[in-house]
Amino acid sequence: MPQTLSEQQVLHVARLSRLKLSSADVARYARQLSSILDYVAQLQQVRVEGLEAMSHPLPLHSVLREDRVEPALPVEQVLANAPGREGPFFTVPKVLDTALDGA
Amino acid sequence: MTILNELSAVELRDRITGGEIKSVDAAEAVFQAIAAWDPFLHAYNSTFRESTLRGAEKIDRDRAAGKKPGLLSGVPIAIKDNICTTFGTTTCSSKMLADFRSPYNASVVEKLQNAGALIVGKTNLDEFAMGSSTENSAFGPTHNPWNTRRVPGGSSGGSAAATAAGLCSAALGSDTGGSIRQPASLCGIVGLKPTYGLVSRYGLVAFASSLDQIGPLARTVADAALLLQVIAGHDPRDSTSWPEPSDDYLSELEKPLEEVRLGLPEEFTGEGVDAEVASAVRTAVEFYRAQGAKIVPVSLPHTRYGIAAYYVIAPAEAASNLARYDGVHYGHRAAHPEDLYDLYAASRAQGFGPEVQRRIMLGTYALSAGYYDAYYLRALKVRQLIKHDFDEAFQQCDFIACPTSPTVAFELGAKSGDPLRMYLCDVFTVTCNIAGIPGMNIPCGFSSDGLPIGLQLLGPIFSERRMLRLARQYEKNHDWHKRRPQPPAAEPRHKQPD
């Protein structure tokens with residue numbers, strides 16, 4: 001397993017993470033993340049065969065509430081922090097190709 | 001000059017409900033102290049003078065009308081700025097949420113207010129609680145009140161500094177890998193991370209959901225117990241909240257534990273621990289021995305993998321939790337995006353600071369195809385081993401004693417260029433979150449530079465009631481907690497001529 005990250009890999013991870021990085025960022029993160037991953041690599045020394053993964057500290061499983069309609073936030077409150085809105089909607093840049101308009 | 005802001009929360013509450021002190025006067029004293037001192041500390045991101053004074057007037061009116069007071073009647077409390085309040089902003093000290101106004105209150109905020117507490121302000125933190133020095137705040141660092149060139153610790157550095165300096169009676173913080181205990185240690189106060197699930201996380205902005213826990217920072221053990229009494233308990237709005245009723249943390253607080261066995265883990269001493277820290281902790285353990293405690297050596301062999309496991313698990317959970325900041329629903333949005341992908345990527349790159357970006361990428365990498373088994377799954381198995389170490393140790397002892405932080409407060413900038421060095425600050429605190437057990441810091445001395453040193457107590461799950469008694473037993477026989485940092489005005493830079 002690689003213990004260092006290439007700039008190529010950083011760019012890939014940044015894309016998965018939805019982070020737009022400058023080339024200076026990429027170089028810096030490649031260095032820093034490599035040093036962290038190098039440290040984390042010591043986990044490979046531990047014998048873990050047959051062990052169950054522990055995702056949570058308490059024995060709580062599938063906690064469900066009663067299936068009952070409860071009041072939700074009013075639309076105005078939901079949209080109060082929206083950086084862009086139109087009527088009762090959040091706005092985003094156009095995602096469909098304009099050629100499809102009116103089809 | 002008033003010292004109303006320096007009384008303990010218990011004493012202040014008693015004097016207010018007893019009619020000796022007006023709640024309004026206590027609140028005014030806190031805001032005077034904030035005005036005088038916070039420009040040097042930057043403990044607060046925002047303060048609520050008007051609503052606090054209005055609340056204080058109501059406390060005074062209710063008392064005059066003979067209404068039954070709450071457990072925290074008139075007590076000024078500070079809230080870490082990653083805990084949601086409908087009043088003011090909840091910023092997480094991030095540019096991403098600089099203007100975010102929560103539509104609801106966190107459960108802990110409701111509980112504090114129902115108990116009569118006055119919320120005086122929101123305190124600074126490392127952005128999204130990621131850090132150990134409060135230097136990762138988008139709004140500038142908090143300074144340590146004992147020495148303003150030093151960090152207060154983190155990520156609850158604002159809550160710790162405000163509490164130590166008397167800019168509130170006590171505060172709430174959150175602890176994912178030491179973020180309550182380490183700043184409490186560096187600022188010379190009490191800080192408690194409760195058992196996972198004891199305090200509702202509803203309204204706590206999620207960082208690493210299986211590790212995060214809200215808890216009190218206070219100047220005395222009794223104050224920490226009082227806050228825990230108010231905030232603990234099941235909450236149906238948090239599905240990870242423990243469904244059993246919480247304990248009574250107050251009634252037997254003054255009663256020392258009998259025949260307590262105190263475990264000393266061999267892995268928590270030696271390399272990397274300041275000599276003065278090691279010596280102060282040893283002296284504290286000797287105190288317990290002299291009081292009749294049985295000191296037993298214990299072993300937590302997987303402790304040395306704690307930081308490595310933590311820096312896979314916490315970033316993995318953070319990467320998932322922070323996916324919600326998309327520049328669409330709330331938070332920062334980049335101007336003029338080219339398309340939807342660019343809207344996400346540019347908003348996130350502009351809104352998140354470097355440490356948050358590092359952890360998101362680290363977590364994304366650990367969860368990505370081809371690396372999931374080697375990093376994330378393996379870290380969760382090591383987590384099992386770390387928990388198992390504690391289970392074994394607590395067969396032989398009731399509580400574990402060790403340093404909270406290997407060093408006293410370091411200088412601002414000393415570690416900010418090297419993320420990994422900063423991560424190692426958490427070496428004694430992360431395993432507690434990984435295992436889900438409770439842990440607390442109590443002041444146990446000062447370095448030759450006059451900086452606080454902290455003792456950490458760790459116990460089995462839901463042992464807070466007894467842990468607080470053990471802590472109180474130490475505090476009752478020492479006066480470290482009575483020393484307070486001096487505000488800048490009272491600290492002449494040079495001797496005045498006669």
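B:Gly191 lies in strand β5 of chain B, which covers residues 190-193. Helices (H or I, at least four residues) and strands (E, at least two) are DSSP runs, numbered from the N terminus. The model is predicted: local features need pLDDT of at least 70, side-chain atom pairs count only at pLDDT 80 or more, and totals for chains, interfaces and linings use all residues. Residues are numbered from 1 along each chain as its sequence is written, while chains are lettered from A and ligands numbered from 1 in the order in which they are written.

B:Gly191 counts as buried because it has 35 C-beta neighbours inside 10 Å. A residue is buried if 20 or more other C-beta atoms lie within 10 Å of its own, exposed if 12 or fewer, and partly exposed in between, with C-beta atoms placed from the backbone. Two residues are in contact if their C-beta atoms, placed from the backbone, lie within 7 Å. Neighbours within four places in sequence left aside, the contacts of B:Gly191 include B:Ala160, B:Gly173, B:Leu217 and B:Met440. B:Ala218 is 27 residues away from B:Gly191 in sequence, yet the two C-alpha atoms are 6.4 Å apart in space.

In chain B, 11 strands form an open sheet with mixed pairing, in the order β1-β3-β2-β4-β6-β5-β10-β11-β9-β7-β8. Two strands pair if DSSP finds at least two bridges between them. The edges of the sheet are β1 (44-47) and β8 (294-298) of chain B; each has a single partner strand, so one side of each is left without a neighbour in the sheet. Neighbouring strands are turned by 30 degrees against each other on average, direction ignored. Strands β7 (residues 261-265) and β9 (residues 399-403) of chain B run parallel and are joined by two bridges. Within this pair, B:Gly263 stands opposite B:Ile400 in β9(B).

Two helices were examined against the sheet. Helix α5 (residues 157-165) of chain B packs on it, touching β1, β2, β3, β4, β5 and β6 of chain B, and its direction makes about 165 degrees with that of β4(B). Helix α15 (residues 464-476) of chain B touches β9, β10 and β11 of chain B, and its direction makes about 10 degrees with that of β10(B). Axes are lines fitted to C-alpha atoms, for helices over the stretch in contact, and angles run from 0 to 180 degrees between N-to-C directions.

In helix α8 (residues 275-290) of chain B, the buried residues are B:Val277, B:Ala280, B:Val281, B:Ala284 and B:Tyr288. They cover an arc of only 95 degrees around the axis, which puts them on the same side of α8(B); the arc is that of the directions from the helix axis to the C-beta atoms. The buried residues of α8(B) pack against β7, β9, β10, β11 and α15 of chain B. On the other side of α8(B), B:Ala275, B:Glu286, B:Arg289 and B:Ala290 are exposed. Just after α8(B), B:Gly292 takes a positive phi of about 110 degrees.

Chain A has three helices and two strands, which follow the pattern α-α-α-β-β along the sequence. Buried residues make up 16% of its 103 residues. In the interface, 42 residues of chain A are in contact with 53 residues of chain B. The largest share of the side of chain A that touches chain B, seven residues, comes from α2(A).
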